[in-house]
Amino acid sequence: MQYFIGIVPPDEYLERVVAFQKRWLSNGLPNVVEPHVTVKAQSGLTLDMAWLEKVKVVCSSFSKFQLALSEPALFGNQVIFLSVQSNELVELHKKLVNVVTPSKELMQRYAELDLFTPHLTLGQTYWGMKESEILEMKSEAGDVLAPFPTFTVSYVRVYKEVQPNKYQLYEDIKLA
């Protein structure tokens with residue numbers, strides 16, 4: 001059982017992203033989790049749930065902020081994502097990592113702190129897509145998913161793994 005913390009785009013845009021993802025039948029990502037921007041990966045979010053109250057304390061003193069989705073980009077030819085611009089998101093990420101205190105090995109494994117690149121994943125080879133499909137998706141994403149929204153982030157969403165490779169809403173935590 002694992003957890004992670006993310007930010008969900010507005011409903012209307014979320015639906016557009018899901019419809020776009022499902023155009024590729026090999027894309028298993030929509031069956032794993034809804035589109036989101038990860039704020040805090042699984043590292044340190046243990047089953048004892050001691051971290052949850054710490055996360056709530058950080059969020060209760062962290063103001064709402066603006067997040068902008070933008071042009072599609074790639075991690076190699078394995079992952080296609082929408083770029084994210086938000087200095088506050090990076091700051092919130094750092095605060096959450098620091099309060100949860102995962103090991104350095106786990107922070108590196110989950111690309112946290114200096115390795116953190118905010119993004120919204122559209123598809124990846126790990127979830128069934130071929131590299132050629134990733135490139136095809138990238139060439140279409142700019143046209144289909146534009147205009148890219150800027151929206152106010154007023155809460156973060158804690159996701160819980162409900163079965164292997166299937167995450168669902170566990171709890172929404174409001175920001176200050």
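**Entry 1. A ring cluster.** I started with Tyr3, Trp51 and Tyr170, which ring pairs link into a cluster. I keep in mind that this is a predicted model.

**Entry 2. The whole structure.** I then asked how many aromatic pairs a search of the whole structure finds. The search gives eight. I looked up two of these pairs in detail.

**Entry 3. Tyr3 and Tyr170.** I checked the geometry of this pair. The ring centres of Tyr3 and Tyr170 are 5.5 Å apart, and their planes stand at 75°. Over 60 degrees counts as edge-to-face, so I logged Tyr3 and Tyr170 as edge-to-face. Next I placed both residues. Tyr3 sits in strand S1, residues 3-7, and Tyr170 in strand S8, residues 166-174. The pair therefore ties together parts that are 167 residues apart in sequence.

**Entry 4. Accessibility of Tyr3 and Tyr170.** Is Tyr3 buried or exposed? I noted a relative accessibility of 4% for Tyr3, so Tyr3 counts as buried. Tyr170 has a relative accessible area of 36% and is partly exposed.

**Entry 5. Phe4 and Tyr167.** I moved on to a pair formed by Phe4 and Tyr167. I recorded 5.2 Å centre to centre and 70° between the planes. This aromatic pair is edge-to-face. Which strands hold the two residues? Phe4 is in strand S1 and Tyr167 in strand S8. They are 163 residues apart, and the pair links distant parts of the chain.

**Entry 6. Accessibility of Phe4 and Tyr167.** I looked up both values. Phe4 has a relative accessible area of 5% and is buried. Tyr167 is buried too, at 10%.

Terms used. Residues numbered from 1 in each chain as written. Predicted model: local features only at pLDDT ≥ 70, side-chain atom pairs only at ≥ 80, totals over all residues. Heavy atoms only, no water. Phe/Tyr/Trp six-rings, centres within 6.5 Å; stacked < 30°, edge-to-face > 60°. Helix = DSSP H or I, 4+ residues; strand = E, 2+ residues; numbered from the N terminus. Buried < 20%, exposed > 50% of the residue type's maximum accessible area, 1.4 Å probe, protein only.
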